[in-house]
Amino acid sequence: MTNRIIETLGIDLFPYAIGTVEFKSDAPFEPTKLGDIQNQVKDLDAKKLDDALVYSKGLLDDESSRGEKLESKAYNLIGVTGISAAFITGISSLIPSELQPFHPMLLGTLLFIYILIVISLTVTVLLASRVVIVGNYRYSFPDIADVFKMNGQSAIEIKKDRLTTYIYCYAKNNQIHNIKASYLIGSQLWFRNSVVLFLLLAFTFIPNIFYSTGIYLSQSSAVLSLTPTTAMLTETQTVVPATPTIPVSLTPSGTIQPTVQPQPPQITMSPSRAIPTETLFVSVTPTP
């Protein structure tokens, strides 16, 4: 039961991710076994040779296509894992600084899940990178030098040698792709673990955010409701001072005698600021 859980979670893939253990497939055909293939196809007639050539060439092409798909999936996993790593790195910036601090137990849980996500993404990248690593895999393909051997061979012998090459290349490449597929399966398994941990982090993290946000907003509204607001209305008054009226009387001798008559003061209200002015009224009263 324990071994089943370990295999399901992919814990047994740690040695393969760090490179201490490598996946192994069936041993590739050695040159001596290449001779065994030639012995097995030497009794085929011309018609069977043609069918065998078409069939084995199709298998070799399909195997090459399979290798391209494996590498494409590995590159996609590496790209998606990089985006996920950038998200998990910047997730702390999404937390508003005004929120109340988390409960210590909840904070410890979040930190533990965070560490597990980082480990899962790291193992995903390590396993996927072993699918596309350069130099560790040696593929087999038909050799162009076989063309120069055709001068001293009959048509039947040429077809038999070509069929032998197709079978050998297919078997060798198939074993390499099986190894790559094993690494890819492990990488997909750990990426699945990362997605599950992301969901667990969201279910643990988001409710606390909403709860803390609600408390913060309620406290902010309470503070705003207790803060008095005053409005000041100002008005300006313009006072026009009393202006004396100076009557002027004419005497027979032609002299002018001004007389001052007080006028009541005039006060005007204006919303805008005005400059006070003085007005001098002069009245002339002729005397007989």
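**Legends to the close-up views**

**View 1. Asp-146 counts as partly exposed, at 27% relative accessibility.** By relative accessible area, a residue is buried under 20%, exposed over 50% and partly exposed in between (1.4 Å probe, protein chains only). The side chain of Asp-146 meets that of Lys-149 in a salt bridge, with an N to O distance of 3.9 Å. A salt bridge here is a side-chain nitrogen of Lys or Arg within 4 Å of a carboxyl oxygen of Asp or Glu. The model is predicted: local features need pLDDT of at least 70 and side-chain atom pairs count only at pLDDT 80 or more, whereas totals for chains, interfaces and linings use all residues. Residues are numbered from 1 along each chain as its sequence is written, and side-chain values use heavy atoms, with hydrogens and water left out.

**View 2. The protein comprises 6 helices and 5 strands.** Helices (H or I, at least four residues) and strands (E, at least two) are DSSP runs, numbered from the N terminus. Along the sequence they follow the pattern α-α-α-α-α-α-β-β-β-β-β. Of the 288 residues in the protein, 28% are buried. Among contacts (heavy atoms within 4.5 Å) with a separation of 6 or more, 84% join residues 24 or more positions apart. The protein exposes about 19700 Å², of which carbon and sulfur atoms supply 64%; accessible areas come from the Shrake-Rupley method with a 1.4 Å probe, and for residues only the protein chains shown count as cover.

**View 3. The largest nonpolar core holds 20 residues.** Such a core is a set of buried Ala, Val, Leu, Ile, Met, Phe, Trp, Tyr and Cys residues joined through side-chain atoms within 4.5 Å. The members that touch the most other members are Leu-127, Tyr-183, Leu-184 and Trp-190. Two or more residues each are given to this core by helix H4 (46–89), helix H5 (104–129) and helix H6 (155–226). H6 supplies the largest share, 8 residues. Another core, of 9 residues, lies apart from this one and includes Leu-110, Ile-117, Leu-201 and Phe-205.

**View 4. Which residues are in contact with Tyr-183, leaving aside its neighbours within four places in sequence?** They are Tyr-16, Val-21, Glu-22, Phe-23, Leu-127, Arg-130, Val-131 and Tyr-137. Tyr-16 and Phe-23 also join Tyr-183 in a cluster linked by ring pairs.

**View 5. The structure holds 4 aromatic pairs.** Rings of Phe, Tyr and Trp (its six-membered ring) pair if their centres lie within 6.5 Å; planes under 30 degrees apart count as stacked, over 60 as edge-to-face and the rest as tilted. The pair of Phe-14 and Trp-190 is edge-to-face, because the ring centres are 5.2 Å apart and the planes stand at 65 degrees. Phe-14 lies in helix H2 (residues 14–18) and Trp-190 in helix H6, so the pair ties together parts that are 176 residues apart in sequence. Phe-14 is partly exposed, with a relative accessible area of 31%, whereas Trp-190 is buried at 6%. The rings of Tyr-16 and Phe-23 are stacked, because their centres are 4.1 Å apart and their planes at 10 degrees. Phe-23 counts as buried, at 19% relative accessibility.

**View 6. Lys-180 and Glu-71 meet in one of the 7 salt bridges found in the whole structure.** Their side chains are 2.7 Å apart, N to O. Because Lys-180 lies in helix H6 and Glu-71 in helix H4, this pair ties together parts that are 109 residues apart in sequence. Lys-180 counts as buried, at 2% relative accessibility, and Glu-71 as partly exposed, at 27%.

**View 7. Lys-57 forms a salt bridge with Asp-61.** The closest N and O atoms of the two residues are 3.0 Å apart. Both residues lie in helix H4, 4 residues apart, about one turn of the helix. Lys-57 is partly exposed, with a relative accessible area of 33%; Asp-61 is also partly exposed, at 39%.

**View 8. A nonpolar surface patch covers about 750 Å².** Patches are made of residues with over 30% relative accessible area and no salt bridge; like charges are joined within 9 Å and nonpolar side chains (Val, Leu, Ile, Met, Phe, Trp, Tyr) within 5 Å. This patch is made by Met-1, Ile-5, Leu-9, Ile-11, Phe-14, Leu-111, Ile-115 and Ile-119. Helix H1 (2–9) and H5 each supply at least two of its residues, and the largest share, 3 residues, comes from H5. Leu-9 lies in helix H1 and counts as partly exposed, at 38% relative accessibility.
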